[in-house]
Amino acid sequence: MDKPAGITSHDVVARVRRERGGKVGHAGTLDPFATGLLIVMLGRATRLQRYLLALPKTYLATARLGWRSSTGDPDGELTETGRIPERLELPTGEVTQRVPMTSAVKVEGERLYKKAHRGESVETPTRQVTVHRAELVESGEERATFEIECSSGTYVRTLIETLEDAYCESLRRTAIGHLSVTEAVEVEVPVEELMSFLPERPLDADEADGVSHGVAVDGGSPDAHDRVRLTRDGRLLAIARSEDDKLRPEVVLA
């Protein structure tokens, strides 16, 4: 789906649950001000969430220059400084980020944003993320837009704040792994396509019957992948992890 601004990812999930019923989940939160690709999983597909969360993400982020925000985004308290960054470069490679107070990460058993709403401030944890690329695609006197490809868990607002006098004015997620927002006009994608980024191990009839009961099959993992799709006649039956020369079903769908 292409999430609009002004609603949460949970709002989208709640709407889909009302419309379709059954179990519904999503693979990667977008902040209310952010737009773009949101993968919403239905029924048994919710079991695949862990694999989708780990995929790299691509964003278009527009920085408002000469301003600061208390939250790093347009929803915070804004202050005009008038100081325009001399260099419009964002860090790439392995980056250490401190989790912002607006995050949903739990500290002392409570989500940080709840503490922030009460005006509390605590020392937040740090995390290592990877910024594969951060390209300047457009710039002017007041704004600069970057295309950023990064690992899961990267706070793009925090990247923008490394420019110092700047905050993330708009954020759009354009891709999650191999899936693009251009395909996300509320279209249904079968799990076979959703998980196509993993290598495939076709099964014969006997193997498929065993896998449906959690039995491992021979094969190991090709191309050094630690997760493999187990399929029968093109149908996704399970996701397996590689252990020695065996593929052990981790999530069984059928």
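1. Which residues is isoleucine 176 in contact with, leaving aside its neighbours within four places in sequence? They are Ala27, Leu37, Ile39, Leu52, Leu55, Pro56 and Lys57. Contact here means heavy atoms within 4.5 Å.

2. A word on the basis of these remarks. This is a predicted model, in which local features need pLDDT of at least 70, side-chain atom pairs count only at pLDDT 80 or more, and totals for chains, interfaces and linings use all residues. Residues are numbered from 1 along each chain as its sequence is written, and side-chain values use heavy atoms, with hydrogens and water left out.

3. Back to isoleucine 176. The residue lies in strand β13. Strands are DSSP runs of E, at least two residues, and helices are runs of H or I, at least four; both are numbered from the N terminus. Isoleucine 176 is buried, at 0% relative accessibility. Buried means under 20% relative accessible area, exposed means over 50%, and partly exposed is in between, with a 1.4 Å probe and protein chains only. Leucine 52, one of its contacts, is 124 residues away in sequence; the C-alpha to C-alpha distance is 8.1 Å.

4. Arginine 157 belongs to helix α4, residues 156-161. Its relative accessible area is 6%, so arginine 157 counts as buried. Beyond four places in sequence, its contacts are Asp31, Phe33, Thr71, Gly72, Asp73, Pro100, Thr102 and Cys168. Two aspartates, Asp31 and Asp73, are on that list.

5. Glutamate 147 sits in strand β12, residues 143-150. The residue is partly exposed, at 23% relative accessibility. Its contacts outside four places in sequence include Thr58, Tyr59, Leu60 and Arg133. With arginine 133 there is a side-chain polar contact of 2.9 Å. A polar contact is a pair of N or O atoms within 3.5 Å; within protein, one must be able to donate a hydrogen and the other to accept it, and residues adjacent in sequence count only if both atoms are side-chain atoms. Arginine 172 is 25 residues from glutamate 147 along the chain, with 9.6 Å between the C-alpha atoms.

6. Two backbone angles deserve a look. Most residues other than glycine have a negative phi. Glutamate 164 has a positive phi, near 75°. This residue is in the loop between α4 and β13 (166-176). Glutamate 164 is exposed, at 53% relative accessible area.

7. Aspartate 233 is exposed, with a relative accessible area of 70%.
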